[in-house]
Amino acid sequence: MAYKFIDNYRERGARKRLVNLLEERGIEDKRVLQAIGKVPRHFFFDETFWNQAYRDIAFPIGDGQTISQPYTVAYQSELLHVKSGDKVLEIGTGSGYQTCVLLELGAQVFTIERQENLYNRTCQVLPYMGYQPNFFLGDGSKGIPEHAPYDKIIVTAGAPFVPELMLKQLTLGGLLVIPVGDEKSQKMVTILRVGENDFERIELDTFRFVPLVGDQAW
């Protein structure tokens, strides 16, 4: 983890090139692209690896976890259709990069991480960067029912199925974005709550995430 928080013309230029690449890859939401362009992704890397920060790749961050590929972050964020003031539950804080993008989009973010080392790191680093989500340590597969309902829920790990407990934590009209499949690949799934017990489900592109671990997952 980088502890020298330097963001100069070189890093800003690299972010601009990354944004252009994501646009070329099909990301259309201008607010998402602006958010990606604002968050200093190199802050989530050890200083030794800053030259990797603005490549469109996932990268190891310790504890068997990775910082997500920028395209994946942009893709999920675009699907989420975040409006300013939305109450968003993020399952899997990880590095905190996706968290920062959600905050740049104007969301009120509740984020939960099961790995204590990652939790402690993000609790320290994100506020230092000026980002203030609501942090929780625990089993994200069960959501955070005590703070429900949520306008949007985003899951940043691959689940074997859609946990029923998460669906119950959506507001009416709320949206869940979750990768579902086996441990090798998952389909990105969006689920819209249209009634008390009625949901509309759409399956989209294939991705590969680290597994979602917990009582309602692997």
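Predicted model: local features only at pLDDT ≥ 70, side-chain atom pairs only at ≥ 80, totals over all residues.
Trainee: Is C123 buried, partly exposed or exposed?
Mentor: C100 has 0% relative accessibility and therefore counts as buried, since the cut-off for that class is under 20% relative accessible area. C123, with a relative accessible area of 27%, falls into another class, namely partly exposed.

Trainee: Which residues of α5 are buried?
Mentor: Helix α5 covers residues 116–129, and its 14 residues reach 20 Å from the first C-alpha to the last, close to the 20 Å expected. In an α-helix there are 3.6 residues a turn, so residues three or four places apart point the same way. The buried residues of α5 are L118, Y119, T122, V125, L126 and M129.

Trainee: Which elements do the buried residues of α5 pack against, and what is the phi of the residue that follows the helix?
Mentor: The packing partners of those buried residues comprise one helix, α4 (97–104), together with the strands β1 (59–62), β2 (65–67), β4 (108–113) and β5 (134–137). The residue that follows α5 is G130, and its phi is positive, near 100°.

Trainee: How are the rings of F44 and Y97 arranged, stacked or edge-to-face?
Mentor: A search of the whole structure finds 9 aromatic pairs, and in one of them the rings of F44 and Y97 have their centres 5.8 Å apart. F44 lies in the loop between α2 (30–38) and β1, whereas Y97 belongs to helix α4, so the pair ties together parts that are 53 residues apart in sequence. F44 counts as buried at 3% relative accessibility, as does Y97 at 1%. Because their planes stand at 70°, the arrangement of F44 and Y97 is edge-to-face.

Trainee: How many residues apart in sequence are the parts that F110 and Y150 tie together?
Mentor: The rings of F110 and Y150 have their centres 5.9 Å apart and their planes at 65°, so this pair is edge-to-face, and both residues are buried. F110 lies in strand β4 and Y150 in strand β6 (residues 150–155), so the parts tied together are separated in sequence by 40 residues.

Trainee: Which charged end sits over the ring of Y71, and which over the ring of F110?
Mentor: Y71 forms one aromatic cluster with Y75, F207 and F209, and the charge over the ring of Y71, 3.8 Å from its centre, is that of R25. Over the ring of F110, 5.3 Å from its centre, the charged end is that of K87.

Trainee: Why is β3 largely enclosed by the rest of the structure, and what is the bridge partner of V88 in β4?
Mentor: Strand β3 (residues 87–91) is largely enclosed because 5 of its 5 residues are buried. In a regular strand the side chains alternate between the two faces of the sheet. Both faces of β3 are covered, with K87, L89 and I91 buried on one side and V88 and E90 buried on the other. β3 pairs with β4 in the parallel sense over 5 bridges, and in β4 the bridge partner of V88 is V109.

Conventions. Residues numbered from 1 in each chain as written. Heavy atoms only, no water. Helix = DSSP H or I, 4+ residues; strand = E, 2+ residues; numbered from the N terminus. Expected span 1.5 Å × (residues − 1). Buried < 20%, exposed > 50% of the residue type's maximum accessible area, 1.4 Å probe, protein only. Contact = heavy atoms within 4.5 Å. Phe/Tyr/Trp six-rings, centres within 6.5 Å; stacked < 30°, edge-to-face > 60°. Lys NZ or Arg CZ within 6 Å of the ring centre and 35° of its normal. Pairing = 2+ DSSP bridges.
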